[in-house]
Amino acid sequence: MEIEEKNVQSNSVVDGNFEEVCPEKIIKFKPPLYKQRYQFVRDLVRRHEPKKVADLGCGDTELLRLLKIYPCIQLLVGVDIDEEKLQSNGHHLSPYLGEFVKPRDLDLTVTLYHGSVVERDSRLVGFDLITCIELIEHLDSDHLARFPEVVFGYLSPVMIVISTPNSEFNPLFPIVTLRDADHKFEWNRMEFQTWALQVANHYNYSVEFTGVGKPPAGAEHVGFCTQIGVFRKNSREAPGPCVSEQHDHHVYKAVYTTSYPSLQQERVLKFELVGEVLFQVEHLRLRHLRTLREEKRGAGTVPVPKDPSVAPSLMLGALFTEAEKARIENSPKPFCEGGRFFVPLQRLLAYPRLHRLPVDEERMRSLLADSVCLSSDGSAVTVDLHNTWDCDPEDN
């Protein structure tokens, strides 16, 4: 175990360290407890692959930054009452250069909203997953009473994750009554489970209990430092707010929003497609020239492949799998006519980097039409077999 180390000021013994407390008396977690909570959510996302995810009480947006890498997520939303914190952290959610160079397969939009988690906003209705990590203990009694009817009743997501401190663990920390000065309460396991089961039964959810932050040896009876409830909707047809109640009920203020480049966007798809096609055609052209030269010299210390276009490529840096080889070998082969080199579109679509793109032959032809030279019937990309910059050292 090792003490949590957060990059924000904290007045809790769990998330920060008081100088006046003797270090040897403090229970330490490794990884830090907040990272264990985030990893729990990440594991859940990896298993269930939700498309729409919202983090209520997102704070410094760190959990959102960890979640945006998952290819299944297409809409990622954060809500917090601290507008200044949202504004100062929004830029961390912007796409990096590498995400333009290698775009996602699916669209992703990230939005941060300023607002209270006990306010209804129709833009968050019907998500696949809503997370409330160390949130409910910050709610006063009135807001806590409204929380279930908003989150479970109105927003009605498929899954909800709620984490909160386990007060039974607190005696293991020095000088702790509440772990944070802003906490309105901290429940023991029975209190949390009683509340969670009542909420789940009322709104037609099931709930499983677990946690993170194992206690030290000899104190196993206190349970996890952070207790977690995972709620799953029992039926997608469960009663929810009527359509008229949901429609355009916007109370949150959008503070930040960004969209990621993806292959769902035509301009991005075209850029990716043209680049991969030009790369592959040039690679095949050079291999074809090499084969012709080896045949002409009749030497061949290097064996000539039966079909050079499926030979391993040093430029690609990897061998094809057996399935990929079979797909390529069963597609039309490149060929020459006069001084022109032709690569059939079906051949190109068989290569892994192009096979993964969401295009068929007709769509490929349409996207390539104004960027590369196609054969008269549009079935192949064609280029000059010889270029002025081609160089064979043995010809010099």
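Glu266 is partly exposed, with a relative accessible area of 49%; on this scale buried means under 20%, exposed over 50% and partly exposed in between, computed with a 1.4 Å probe on protein chains only. The exercises below use a predicted model, in which local features need pLDDT of at least 70 and side-chain atom pairs count only at pLDDT 80 or more, while totals for chains, interfaces and linings use all residues. Residues are numbered from 1 along each chain as its sequence is written, and side-chain values use heavy atoms, with hydrogens and water left out.

**Exercise 1. Salt bridges**

Identify the residue with which Glu266 forms a salt bridge, and give the distance between the closest N and O atoms.

*Solution.* Begin with the criterion, which asks for a side-chain nitrogen of Lys or Arg within 4 Å of a carboxyl oxygen of Asp or Glu. Arg363, at 31% relative accessibility, is partly exposed.

For contrast, take Glu322 and Lys325, whose side chains meet in a salt bridge with an N to O distance of 3.8 Å. These two residues are three apart in helix H9 (residues 322-329), so about one helical turn separates them. Glu322 is exposed, at 61%, whereas Lys325 is partly exposed, at 28%. Elsewhere, salt bridges with shared partners join Asp105, Glu272 and Arg356 into one network.

A further pair is Asp121 and Arg123, with 2.7 Å from N to O. Asp121 is buried, its relative accessibility being 0%, while Arg123 is partly exposed at 27%. The structure holds 18 salt bridges.

**Exercise 2. The packing of H8 and H12**

Determine at what angle H8 and H12 pack, and how far apart their axes lie.

*Solution.* The axes are lines fitted to C-alpha atoms, for helices over the stretch in contact, and the angle between N-to-C directions runs from 0 to 180 degrees. For H8 and H12 (residues 361-368) the angle is about 90°, with the axes 10 Å apart. H8 is therefore roughly perpendicular to H12, given that 65 to 115 degrees counts as roughly perpendicular, under 35 as roughly parallel, over 145 as roughly antiparallel and the rest as oblique.

Next, list the residues in contact, where contact means heavy atoms within 4.5 Å. H8 contributes Glu266, Leu269, Lys270, Leu273, Val274 and Val277, and H12 contributes Arg363, Met364, Leu367 and Leu368. By class, the residues of this contact divide into seven nonpolar, no polar and three charged; Ala, Val, Leu, Ile, Met, Phe, Trp, Tyr, Cys and Pro count as nonpolar, Asp, Glu, Lys and Arg as charged, and the others, Gly among them, as polar.

**Exercise 3. The surroundings of Val268**

Work out whether Val268 is buried or exposed, and name the residues that Val268 touches, not counting those up to four places away in sequence.

*Solution.* Val268 is located in helix H8 (residues 266-297). At a relative accessible area of 9%, Val268 is buried. The residues touched by Val268, with those up to four places away in sequence not counted, are Pro103, Pro261, Ser262 and Leu263. Arg104 is 164 residues from Val268 in sequence, yet the two C-alpha atoms are 9.7 Å apart in space.

**Exercise 4. An aromatic pair**

Classify the geometry of the ring pair formed by Phe185 and Trp187.

*Solution.* Rings of Phe, Tyr and Trp (its six-membered ring) pair if their centres lie within 6.5 Å, with planes under 30 degrees apart counted as stacked, over 60 as edge-to-face and the rest as tilted. The structure holds 15 aromatic pairs. In the pair of Phe185 and Trp187 the centres are 4.6 Å apart and the planes stand at 40°, so the pair is tilted. Phe185 is buried at 15%, and Trp187 is buried at 13%. Both belong to one aromatic cluster, formed by Phe147, Phe185, Trp187, Phe192, Trp195 and Phe209.

**Exercise 5. Backbone geometry**

Locate Asn204 in the chain and state its phi.

*Solution.* Asn204 lies in the loop between helix H6 (189-202) and strand S6 (205-212). Its phi is positive, about 65°, although Asn204 is not a glycine. As background, most residues other than glycine have a negative phi, and most peptide bonds are trans. The peptide bond from Lys30 to Pro31 is cis, with omega near 0°.

Key
Helix = DSSP H or I, 4+ residues; strand = E, 2+ residues; numbered from the N terminus.
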